[in-house]
Amino acid sequence: EFTVKFLPLECDQDLDRTLHLCMPPIYETQPLSVHLTGEAERPICHFELNAIKDENGKHLLEFECLGVKSSCTRKFYVVNPTNLGYQYFWRPLSSELKENAAKCYFKCYKAKSYVYAGKKSEIRFNFEPKAKTDRRVDEYWEFSVPDWKIKHVFHFVGHVLEPKIFFNNARADFGPLLLDGKGKEVILLKNFDNIPYNFTFS
């Protein structure tokens, strides 16, 4: 029993081979020959990103924002391993979002771009919750390369987190005071997040 492995290094190579079996003295004068051929395919595009797959097998990218007046940006790359450059597009799949891009919670910095042969192009998406955004937002976006008739759907999930800001005391008790007297009570406002916040009292 013999095992032959096919490990092509390039797609445009001549991949036909002939395997000769030499077993003296049995096949010394007329060795056995087996013709081998293989086919190598190069992907049209490849994504450099850390993402898992959702229950439908789509790339799932998650974003986290602290409150509704913050934003979160994620970037990744599309790689073109072919010898031809091509144009690519991003668009939301929801018909409502197609007609009114302002309603999108996710924004693509370059919804239409070009990637050169053998190069990669940066892709950036921004998630910015609106005033009445739910704790979780889901949108589906399609990546397409018309020249190669390629379409790939991405699942973007945005999470709106409550800021971890707390008072060390829920009440201020000044105790008994005389008329025109003054009392002082210290309450601490603690921030357990890794970013600063502005605040006012009104």
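1. Is Cys108 buried or exposed in this structure? Cys108 counts as buried, since its relative accessibility is 17%, where buried stands for under 20% relative accessible area, exposed for over 50%, and partly exposed for what lies in between (1.4 Å probe, protein chains only). The model is a predicted one, in which local features need pLDDT of at least 70 and side-chain atom pairs count only at pLDDT 80 or more, while totals for chains, interfaces and linings use all residues. Residues are numbered from 1 along each chain as its sequence is written, and side-chain values use heavy atoms, with hydrogens and water left out.

2. On the cysteines, a search of the whole structure finds zero disulfides, a disulfide being a pair of cysteine sulfur atoms within 2.5 Å. Cys72 takes part in no disulfide, and the nearest cysteine sulfur, that of Cys65, is 5.2 Å away; Cys72 is buried, with a relative accessible area of 17%. For Cys108, the closest cysteine sulfur belongs to Cys104 and is 11 Å from its own, which is too far for a bond.

3. In general terms, strands of a sheet pair through backbone hydrogen bonds, either parallel or antiparallel.

4. A second open sheet has six strands in the order S4-S5-S12-S11-S7-S9, with mixed pairing. Strand S4 (52–53) and strand S9 (112–115) stand at its edges with a single partner strand each, so one side of each is left without a neighbour in the sheet. Strand S5 (residues 59–66) runs parallel to S12, to which eight bridges join it, and Leu61 stands opposite Phe156 in S12. Ser113 has its place in strand S9 and counts as buried at 13% relative accessibility. The C-alpha atoms of Ser113 and His35, which are 78 residues apart along the chain, are separated by 45 Å.

5. How many salt bridges does the count come to? The count comes to seven, where a salt bridge is a side-chain nitrogen of Lys or Arg within 4 Å of a carboxyl oxygen of Asp or Glu. One of them joins Lys75 to Glu122, with the closest N and O atoms 3.6 Å apart; this pair links distant parts of the chain, Lys75 in strand S6 and Glu122 in strand S10, 47 residues apart. Lys75 counts as exposed at 53% relative accessibility, whereas Glu122, at 32%, counts as partly exposed. A network of salt bridges links Lys75, Glu122 and Arg124.

6. Arg135 also forms a salt bridge, with Glu162, and the closest N and O atoms are 3.2 Å apart. Here too the pair links distant parts of the chain, 27 residues apart, with Arg135 in the loop between S10 and strand S11 (136–145) and Glu162 in the loop between strand S12 (150–161) and strand S13 (165–167). Arg135 is exposed, with a relative accessible area of 55%. Arg136 forms a salt bridge with Asp138, in which the closest N and O atoms are 2.9 Å apart; Arg136 counts as partly exposed at 47% relative accessibility, and Asp138 counts as partly exposed at 35%.

7. The second largest pocket holds about 160 Å³ of space, and the residues lining this pocket include Ile165, Phe167, Tyr197 and Phe201. S13 and strand S14 (189–191) each supply at least two residues of the lining, and S14 gives the most, with three residues. A pocket is an open set of points on a 1 Å grid over the protein atoms alone, with protein on both sides within 12 Å along at least five of seven lines, and lining residues have an atom within 4 Å of a point. Grid points are joined across faces, edges and corners, and a volume is the space filled by probe spheres set on the points.

How values were computed
Helix = DSSP H or I, 4+ residues; strand = E, 2+ residues; numbered from the N terminus. 1 Å grid on protein atoms, 1.4 Å probe; cavity = no way out; pocket = protein on both sides within 12 Å on 5 of 7 lines; lining within 4 Å. Pairing = 2+ DSSP bridges.
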